[in-house]
Amino acid sequence: MVKYAIRKLLLAIPLVLCVISFIFLLVELSPGSVADKFFTPETPPEVRELIIAKYQLDQPAILRYFAMLKNLLFLDFGHSMAQERPVFEIIFESLPNTILLSAVTLLITYPVGILLGSLQAVWHNTRTDAAVSVGALVLYSMPNFWLALMLQLIGGLYWTGWIEDLNQAGTLSDAAMSYLTLPLSGMADPYLEIVGASPWEQGVDRAKHLLMPGFAMGLAFSGSTARYMRSAVLETIRQDYIRTARAKGLHERTVIIKHAMRNALLPIITLMGLSVPFLFSGAVLIETVFAWPGMGRLILTAIYTQDTPLIIACFFVFTLMVVLGNLAADLAYALVDPRIKYD
Amino acid sequence: MSLRPVLALLPLLALTACGGGAPADKPTEGGGAPADAGPKTQGTLVAAVQSDIGYLGSVVYEAAADSQILTNISFPMVDPEFDCSLKKSPGLAKSWEWSDDGKVIKMELRDDLTWEDGKPVTVHDVAFTYELIADPVVASPRLSYIEHAVDGKFPLVVDDKHIEWHFDRAYDRDTQIAHVGMALMPKHVFGDADRKTLRGNPNINKPLSYGPFRLANWKPNESFVLEPNPQFTGPDDWKPHLNRVIFRVIPEYSTRLIELESGKIDFMESVLVEDADRLREEHKEINLVRRGWRSNDYVAWNLSNPLFSDKKVRKALAMAIDTDQIIEKVLTSKTGESYARRSVGTITPALCGVHNNDIEPLPFNVQKAQKMLASVGWKDSDGDGILDKDGKKFSFTLSTNTGNKRRANSAVLLQAQLKQVGVEMNIEQTETNAFFENLRKRDYEAALGGWSAGLFVDPASVWGCDTEEKRNEFNFTGYCNPKVEELISKGLDTPNPKDAAPIWKEMQAEIYDDQPYLFLWWMDEIVAIHNRFDNTHIDMLSRLNRLHEWEVADDKIKYKR
């Protein structure tokens, strides 16, 4: 198994190189350059030359490409051109935030999807099944940034208005109102930190900030997960060993949960590994709408400022996440299913 | 599966692990006892901004957020006020006077201001700041400030309290003062810094304050907070009245709007006209302030394109457009309140002494437009509804940038109006950076763009001719009128603004007659602010001007801590 993992990781290297080369080419082909923002009408020609030399833009693209590859050999991703500090320092400010949001999204997507899918399979061809199917399809088809805006509108404006009215009417205390208020954007309320609120209060605040973006991303994915789970469970409960389990006199709940669902989880594990790129790319829009300071926004900013080292490093991290996600799915699959053996 | 409980705990671990960002260092060296406490502070202002801090050094900053912070953590060299023009009161500079030839400014500085770490703010900090600007390795965006500086004498340090600024020519005095009024960078912190990577210097975003506020906290891409500077030794009336000002970075307009309406933020800039209407009806607790004629929109004609090289054609096109109608549809509220006015140039009407109010915008007159076009040979000879001449159709592409709803809507209206006179206009939307790149390279046919108003007159960058050595990149149309060149030169050489005004007015008239742009409109920016704040200053100078004077009354405090 270890050999398998190592082999997969080694194969990832040419993949990463291809992606990086492609991105480099795209950045080169796009108009403008990072130095543009330094040019004002009054910039004297000598200063222009200096700026261009500073970013090595006077060298032909092919030379810069090979210089970049050479640095990458030593895992030196260089300094951001726009911010003039090491690229990985910038990435490590944003990466944990995206991972946190992705983790919460997975926590919402999979339990909801698995539960719904299993229930649908157990009650298949009933009206409940049809209703949930339609619901799942609607969630799946909705653009997740639209869902994000709707959540903000309902969870923000209407919900806040409603609990404020209850507070005015005296039904809800001030403390309860502040607990129930849902934050609409950001990771945390800067006010709480600056006034030195208790760690509990800050923790609750951070958890609340995860709700809306997590649901915006999670609900959309849970629709597709439910569909997969439904077919997987349906296929599993037709198997002979399920009939045997029932014949043994086991409780139906035990049959479904201990035998059917467990086996139906195999395709779901594969799905989890494959969902990593979607989590990252979907995150760009969600992060913008919810002002979440993650990798999505970082990539966007890097692209707009044409900051090549930062763009390359971001896509490198992205590609690495995809490779690791797939590898984790493969390994988990082998762990869960004793029939699978890697060599 | 024993993994389950561990998996459940992971997010909680992550929550606690995600600590705060980079709190700005507290002053490390004891600078003696803090200055007088100042007025009792209360209340918090929460503002939403579009983008994060870039670099907090006055010599290298570019982002809007940078400017906001730098203004509040420094004490201005000259205290500006805008009322028809930039007026200056003493600040760090106690007094100043010009030499008779207008080429030297002698200044006396206050000596009672200190940096947050207790070290005094001295003339050497001033000299150092300008030394940094002049150093080409730094690549400062402020190079234009020293364009007419005499090397080594900008400033010339006479003694601990007196400096002199030597210029190689006399020009408009308001502009001269603006050029010597930079916020300072401390020499004792950056004196030995590597100038090539100044922007990446770790001290750049931990700035030392010498103004009423200090940067108390910055979480990259999330928020930054200003708090009163306890070490501020400036005048008492500059001491802040608020506990803090929190800036939240929210890039998306609709998110900012919803936060404003939910009461989670108190301040928002550039509210769209449609939303302003709704806010006025549904949220009486929000004041909507009109900031002034700060930006304009225009259609630039590429003068090297044969379609637009004839002045008569450009004038005809101007008369074929019903600009008032577009203003009514795009920039007027439901209640009939208009947030735009016709533009006749790139000098804002807010500069009332200089703006030429006598220029009559070309009237909307379709018949006259058609006659003018016909007089230079544009007729619809093949009956297809589009004018043609020598076998070529009058058809062109108008480019504009994406992400701007107002310009997108205006372009469609322009298209419809031009169709009436037989001109075919296609619309092309390009990503903003690419769009401006094309403008600078003059790679377009016609372009719908805009300018932000300058607070002092500086027409050379937009209307000056290309020279042998340098193409004037911001002269997007390739305009060159020797008479205008002469007027610009004369105006820049006239130090007294009152004498220069008629020259600028003549220049505006001349440019308007040439119609290198179809000047569309000046827009009034709408800023939303919660009405619990008193003594607010939202004006041409800044959306958050004189933050130290903003306050909340005892009975209106929302954030109690």
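A residue is called buried if 20 or more other C-beta atoms lie within 10 Å of its own, exposed if 12 or fewer, and partly exposed in between, with C-beta atoms placed from the backbone. Helices (H or I, at least four residues) and strands (E, at least two) are DSSP runs, numbered from the N terminus. The model is predicted: local features need pLDDT of at least 70 and side-chain atom pairs count only at pLDDT 80 or more, while totals for chains, interfaces and linings use all residues. Residues are numbered from 1 along each chain as its sequence is written, and chains are lettered from A and ligands numbered from 1 in the order in which they are written.

Helix α13 of chain A, residues 295-304, is mostly covered, with seven of its 10 residues buried. These are M295(A), G296(A), R297(A), L298(A), I299(A), T301(A) and A302(A). Just after α13(A), Q306(A) has a positive phi of about 55 degrees.

Chain A as a whole has 14 helices and zero strands. Its further totals are tabulated here.

| Property of chain A | Value |
|---|---|
| C-alpha trace along principal axes | about 85 × 70 × 35 Å |
| Buried share of the 343 residues | 35% |
| Share of contacts between residues at least 6 apart in sequence that join residues at least 24 apart | 74% |

Two residues are in contact if their C-beta atoms, placed from the backbone, lie within 7 Å. Between the chains, 48 residues of chain A and 52 residues of chain B take part in the contact. On the side of chain A that touches chain B, the elements giving two or more residues include α2 (45-54), α4 (87-122), α9 (199-237) and α13. By class, that side holds 26 nonpolar, 12 polar and 10 charged residues; Ala, Val, Leu, Ile, Met, Phe, Trp, Tyr, Cys and Pro count as nonpolar, Asp, Glu, Lys and Arg as charged, and the others, Gly among them, as polar.

A nonpolar core is a set of buried Ala, Val, Leu, Ile, Met, Phe, Trp, Tyr and Cys residues joined through C-beta atoms within 7 Å. The largest has 145 residues, and A313(A), C314(A), A47(B) and A528(B) have the most contacts inside it. Its largest share, 13 residues, comes from α9(A). Another core, of 65 residues, lies apart from it and includes A350(B) and F476(B).

In chain B, R406(B) is found in helix α11, residues 405-420. R406(B) is partly exposed because 17 other C-beta atoms lie within 10 Å.
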